[in-house]
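Subject: Structure handover

Hello,

Here is the structure for your files. Please look through it alongside the notes below.

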Amino acid sequence: MLTVPVEIQILFAGILFFLGLIGLLVRRNMIFMLMSIEIMFNSAGLVFIIAGTHWHQPDGQVMFIFILAVTAVEVAIALALILQVYHHFKTLDSDAINNLKDSN
Amino acid sequence: MDVFFYIAAVVAIISTIMAISGRNAIHSLLFLILSLLAISVIFYLLSAPFIAALEVIIYAGAIMVLFIFVTMMLNIGLEREAEKKWLKPRMWILPSVLAAVLLINLIMAIKSLPQITAGTGAIQPKQVGISLFSTYLLGVEIAAILLMAGVIGAYHLGSQKKKVKHRFLEIK
């Protein structure tokens with residue numbers, strides 16, 4: 001039986017979440033930005049599992065399964081969009097995609 | 001048991017740092033798979049063996065393979081010049097400081113939690129299944145609709161349409 005305090009477990013999930021946040025803020029490559037979003041989703045799911053284990057309820061694991069479904073859909077759509085962007089602009093730099101910007 | 005948790009946590013954090021700071025997309029994806037496997041070990045230690053298996057099969061197996069396929073399809077091994085200009089060590093400072101401030105905020109919030117009593121014993125997959133298909137049945141159906149919408153949307157977005165432009169709109 002795991003006897004690590006629950007605060008340490010939540011702290012670990014928080015560190016993973018903020019690593020994903022830093023990656024999302026710093027990187028400009030769309031593949032890396034999507035990877036950072038994945039890290040953040042995963043750490044959110046980790047908090048659900050920690051809480052579900054702590055309170056000894058199955059609801060946390062159910063929520064993780066829902067997060068898994070949402071993540072799968074999100075990745076599929078985002079990768080299809082990235083493919084289209086790459087075919088249009090020949091780059092994955094998110095700064096290059098500024099067609100909506102007012103040119104004046 | 002505790003030492004396994006700390007080992008897996010350290011492995012997960014280091015491989016996540018490598019994943020977000022790498023220059024080669026494939027290497028970063030492989031580090032991310034390592035991070036997901038370490039988190040799966042933590043799920044197992046948190047007495048959620050079913051979720052640990054799902055993490056390995058769906059996250060590390062399906063979603064990351066999708067990433068790697070797209071990365072290989074686009075043939076972007078090394079990053080382009082544009083990001084090389086961006087990705088100086090100086091650029092990491094401000095986002096890291098801001099995120100660290102938020103993390104300290106979170107630590108303070110965790111510290112001020114009231115002491116709560118934990119239940120004991122593992123949660124069996126049977127309980128999860130019963131809860132999933134009784135209490136959360138509506139959620140399962142909505143997730144099914146979402147997956148269907150995702151399939152249709154990915155199909156439409158991924159299909160290569162032949163671009164037809166009016167001849168006056170052709171960009172010279």
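Predicted model: local features only at pLDDT ≥ 70, side-chain atom pairs only at ≥ 80, totals over all residues.

Interface. On the chain B side, 65 residues are in contact with 63 residues of chain A. Seven helices of chain B each put at least two residues into that side: helix 1 (2-21), helix 2 (25-45), helix 3 (49-74), helix 4 (81-86), helix 5 (93-111), helix 6 (125-132) and helix 7 (137-158). The most comes from helix 3 of chain B, with 10 residues. By residue class, the side of chain B that touches chain A has 47 nonpolar, 14 polar and four charged residues.

Core. The largest nonpolar core has 57 residues, and the members that touch the most others are A:L16, A:I49, B:F43 and B:A48. At least two residues of this core come from each of helix 1 (6-26), helix 2 and helix 3 (59-89) of chain A, and from each of helix 1, helix 2 and helix 3 of chain B. Helix 1 of chain A gives the most, 11 residues. Leaving out residues up to four places away in sequence, B:F43 touches A:I49, B:A48, B:I51, B:A52 and B:E55.

Helix 2 of chain A. This helix covers residues 30-55, and at 1.5 Å a residue its 26 residues should span 38 Å; the end C-alpha atoms are 38 Å apart, so the two values agree. Just after the helix, A:H56 has a positive phi of about 60°.

Domains. Chain B is divided into domain 1 (1-80) and domain 2 (123-160). Taken over C-alpha atoms, the centres of these two domains of chain B are 23 Å apart.

Regards

How values were computed. Residues numbered from 1 in each chain as written. Chains lettered and ligands numbered in written order. Contact = placed C-beta atoms within 7 Å. Helix = DSSP H or I, 4+ residues; strand = E, 2+ residues; numbered from the N terminus. Nonpolar A, V, L, I, M, F, W, Y, C, P; charged D, E, K, R; others polar. Expected span 1.5 Å × (residues − 1). Domains from an automatic or database assignment. Core = buried A, V, L, I, M, F, W, Y, C linked by C-beta atoms within 7 Å. Buried ≥ 20, exposed ≤ 12 C-beta atoms within 10 Å, placed from the backbone.
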